[in-house]
Amino acid sequence: MKKKDLPAETEGTKGIVSVNTDVVVSDSEDTKSKKKKEPKTIAAKKLPANMKKNLSRKKLDRFIKKISIPSDKELVNKYFIENPEKEGKYYIPRDSLIPKKDFSRLKKIGKDVASQKFGIKLLPLAAVVAFILLVFTAVITFRNVIVKKIIVNVMEQTFGAKTDIAYLNLYLTDGKKLGYENDTKWYIGITINGFEQGYIAEPMKNLFEISKSNISVGLTEAIRGKCDIKNIHILGLNFMTPRKTSAYLAKYANEENKFPLQLALEKKAAIAEAAAREELQKLFDQYNPETLLKNFEQGLKTPDVAKSAYEMGDAMVKKWQTKPDEMAKQINDFSATITDITNADWSNIKDVNVIRSNIEKINSAIQNGKTLVQQTQVIVNDVQTDAVKVSESATALTNAIEADSKYVQKEIDKIKNFSIDDGIQILSGPIDTILYKTIGKYYPYMKKGYAIAMKAKNSPGAAAPVKQKKEVKEPKHKRKPGTIVYYKRDNVPKFIIERMEFTGGNEETAKWSGFAKNISNDMDKRGAPAYGEVKITTAGQNHKADVTVDARSYSKDPFISINYTGDNYPIAVDTPQFKMNSASTISGRCYADEDGRFSIGATLDLKSLKFETEKFEPAFAYDIYSRALSYLTELSIGIDFIFNTEQDFNLKLTTDADKQLALIIKRLVEDEIKIIRKECEKKLADLIDEMSKDSQIKINEFIDIRNGINSESLKLDKLNALLEEKKKELSAKLAEETKQSIDSSLGAGATDKIGGALQGLQKLQELQKR
């Protein structure tokens with residue numbers, strides 16, 4: 001057996017350290033190799049230029065020093081031999097032939113060493129240095145202006161309103177000056193004072209303002225292209241403070257486009273509001289006097305009968321309303337024609353012929369009177385016939401009124417108990433409306449917060465897909481294992497806020513403080529979720545909220561989780577049905593997934609409730625409702641809102657508020673039943689009277705017309721009777737004057753004798769007729 005050195009194959013001058021391998025070859029193997037064909041060789045003159053030089057021992061050692069792999073060093077030493085022509089020089093003879101395998105290795109080694117050369121070109125270097133100095137000078141001079149402009153632009157784009165910064169300073173400092181013990185790293189410090197962020201909804205108010213803030217950013221990581229914010233410290237954080245100038249920005253004025261969810265919630269709120277109003281009206285309709293009256297009115301007979309009686313009376317009035325005046329005119333004209341007769345004094349008239357003339361005149365007047373009486377009697381008879389019809393309508397109306405009075409009493413007696421539907425939502429309905437509006441109001445902010453959280457989830461370094469490794473062919477000759485070098489794990493993302501602290505407010509109004517940590521764009525690399533916490537203390541109130549955003553690809557916790565607790569929280573609610581004020585204890589939580597789905601759950605314990613209601617009709621309902629609300633002093637409300645998509649969401653309210661209020665209203669209404677019954681009875685009586693009033697008026701109007709006609713007829717009868725009396729008077733006067741005239745001509749008693757003879761003659765004529 002003999003020993004043969006075989007140099008290991010190299011792939012470069014950098015990598016894992018490897019050593020030569022000694023291979024033992026047997027004599028039989030050597031004999032066989034001699035029989036084989038000689039290996040292919042290449043002339044040394046084809047080597048790289050740095051391999052064809054004559055080098056001193058020192059330069060050759062320097063050349064070999066640039067080679068990392070020991071076997072490569074040995075190979076170079078093997079081929080570089082001492083030059084017999086030049087003392088102290090070493091070279092590879094150009095006319096020598098090198099096996100192809102070794103030639104390839106030497107050629108690669110030469111190129112690797114050549115690539116390590118360092119040459120300086122002064123002109124380009126000067127230009128680069130000048131540019132760097134120029135940029136550095138500009139940055140140092142205008143650093144505050146540039147940073148301020150960047151912050152203002154970002155904030156204005158985010159909030160859509162003007163951002164003001166009174167003072168900003170960018171500086172370099174070390175960790176010890178910032179208060180970090182045993183920290184000698186350098187940091188970029190930013191001090192911002194008088195920061196005011198305007199509110200787009202109210203341009204004369206600040207959404208928030210900060211009196212003073214300090215930010216420290218790691219310089220080492222910044223040089224590596226990363227933003228490692230070590231700490232943010234905020235002092236004097238206040239919300240909704242007044243501004244001296246308007247925060248309105250015209251370029252953001254028309255950007256308020258509502259999300260589909262907001263439009264859907266507005267529709268839901270409108271439906272809930274209308275339903276709540278309908279529920280309230282429906283509740284009181286069953287014992288609302290006005291509603292009862294409308295229901296009772298449908299069963300009344302009086303309206304139809306009164307209408308019929310009115311139509312009858314109106315027709316008769318129109319038919320006869322002119323007759324009394326017409327008859328009065330005729331009778332007055334007739335009276336005027338006989339005035340000289342009725343007023344004449346015939347006691348002094350002695351002339352028989354004059355008396356006879358006046359009697360004829362009276363007979364003519366009597367005949368005219370009889371004709372007028374006949375005409376009048378026709379009218380009186382006709383009106384009397386119509387009067388019978390009107391009387392029948394009046395009797396029917398009276399009977400209807402009596403029947404309706406009995407009907408009303410019977411229906412009122414049925415008003416005993418007040419019933420309420422178990423599913424009625426007289427209080428939860430308005431609360432639904434408020435919640436829909438509240439969620440719709442804050443949804444855009446939730447959307448923005450979710451988008452920011454998703455940036456961490458979708459960061460290039462977060463949950464990067466695992467690439468499949470390509471199969472690497474094993475080299476024919478393996479290196480021996482070299483030294484394994486371990487590097488410190490890089491857990492600093494491209495952007496990170498390691499810790500942020502803030503405080504604000506004052507003892508008189510409110511104080512708040514909080515912190516946040518591990519806010520980064522690559523939580524897989526950081527190995528921890530982002531977390532923030534805030535505490536607010538004000539007069540009698542304590543509030544605490546925390547937020548966790550876990551964008552780690554391997555985490556099983558919710559993507560976003562928010563928790564809140566607060567006591568004595570003032571809640572002011574304004575709905576079309578009522579205004580409510582309360583001091584409340586609230587606990588709530590919100591979970592969101594990566595796909596945009598989220599759920600909100602909260603419990604509200606409302607204490608010291610105070611309700612206000614504006615007056616509404618009917619007064620009965622307002623009185624009961626307002627009194628019932630005043631008895632409601634405590635409520636417990638559970639809220640569950642599940643959001644899947646902007647078209648698929650559900651709000652569920654869990655509370656006994658409706659049941660409590662319904663029981664109070666039931667008790668109050670039942671206490672008012674006697675009053676309701678009396679009120680209904682009185683109003684129905686008034687209603688019946690009102691319904692029959694016009695009919696009675698028309699009937700009475702017709703009766704007055706009929707009485708007028710009868711009165712005129714009686715007046716005519718009196719005139720005719722007076723004419724008969726005057727005729728009788730003149731006839732007696734004529735007989736007396738005729739007797740006196742005969743007696744004076746024939747002697748006393750002649751009239752009696754003539755009369756006796758005439759009577760005898762009359763009797764004789766009667767006997768002859770028999």
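Predicted model: local features only at pLDDT ≥ 70, side-chain atom pairs only at ≥ 80, totals over all residues.
Let's start at one residue: Thr537 stands opposite Asn542 in β15. Residues are numbered from 1 along each chain as its sequence is written, and side-chain values use heavy atoms, with hydrogens and water left out.

Back to Thr537. This residue is also the bridge partner, in β14, of Lys511. Strand β14 (residues 530–538) pairs with strand β13 (residues 510–520) in the antiparallel sense, over 8 bridges. Strand β15 (residues 541–549) runs antiparallel to β14 as well, and 9 bridges join them. Here, strands are DSSP runs of E with at least two residues, helices are runs of H or I with at least four residues, and both are numbered from the N terminus. Two strands pair if DSSP finds at least two bridges between them. As a reminder, strands of a sheet pair through backbone hydrogen bonds, either parallel or antiparallel.

Strand β16 (residues 560–574) and strand β17 (residues 579–592) are antiparallel partners over 13 bridges, and a hairpin joins the two through 4 residues. To find this pairing in the viewer, look for Asp574, whose bridge partner in β17 is Lys579. Strand β17 is in turn joined by 13 bridges to strand β18 (residues 598–612), again antiparallel. Ser584 has Leu606 as its bridge partner in β18. β17 and β18 form a hairpin too, with 5 residues between them, and Gly596 in the turn has a positive phi of about 95°.

Asp593 and Arg597 form a salt bridge, with the closest N and O atoms 3.9 Å apart. A salt bridge here is a side-chain nitrogen of Lys or Arg within 4 Å of a carboxyl oxygen of Asp or Glu. How exposed are these two residues? Arg597 is partly exposed, with a relative accessible area of 38%, and Asp593 is partly exposed at 30%. Buried means under 20% relative accessible area, exposed means over 50%, and partly exposed lies in between (1.4 Å probe, protein chains only).

How many salt bridges does a search of the whole structure find? The total is 15. Among them is the one between Arg499 and Glu501, whose side chains meet at 2.9 Å, N to O. Arg499 is partly exposed at 32%, and Glu501 counts as partly exposed at 26%. Lys205 and Glu202 form another, with their closest N and O atoms 3.5 Å apart. Lys205 has a relative accessible area of 33% and Glu202 one of 34%. Asp164, Glu196 and Arg243 are linked in a network of salt bridges.

Now turn to an open sheet of 3 strands, in the order β4-β6-β5 with antiparallel pairing. Its edge strands are β4 (55–56) and β5, each of which pairs on one side only. β4 and β6 share 2 bridges, and the bridge partner of Ser56 in β6 is Lys89.

Lys89 also belongs to a positive surface patch, together with Lys53, Lys58, Lys59, Arg62, Lys66 and Lys86. Patches are made of residues with over 30% relative accessible area and no salt bridge; like charges are joined within 9 Å, and nonpolar side chains (Val, Leu, Ile, Met, Phe, Trp, Tyr) within 5 Å. Which helix gives the most to the positive patch? Helix α2 (residues 57–65) does, with 3 residues. Lys86 lies in the loop between β5 (81–82) and β6 (89–91). This lysine, Lys86, is partly exposed, with a relative accessible area of 43%.

A patch of another kind is made by Val128, Phe131, Ile132, Val135 and Val139, a nonpolar surface of about 440 Å². Accessible areas come from the Shrake-Rupley method with a 1.4 Å probe, and for residues only the protein chains shown count as cover. Ile132 is placed in helix α5. Ile140 lies in helix α5 (residues 122–159) too, and counts as partly exposed at 40% relative accessibility. Finally, Ile140 and Leu170 are 30 residues apart in sequence and 9.0 Å apart in space, C-alpha to C-alpha.

Terms used. Lys, Arg positive; Asp, Glu negative; His and termini not counted. Charge placed at Lys NZ, Arg CZ, Asp CG, Glu CD.
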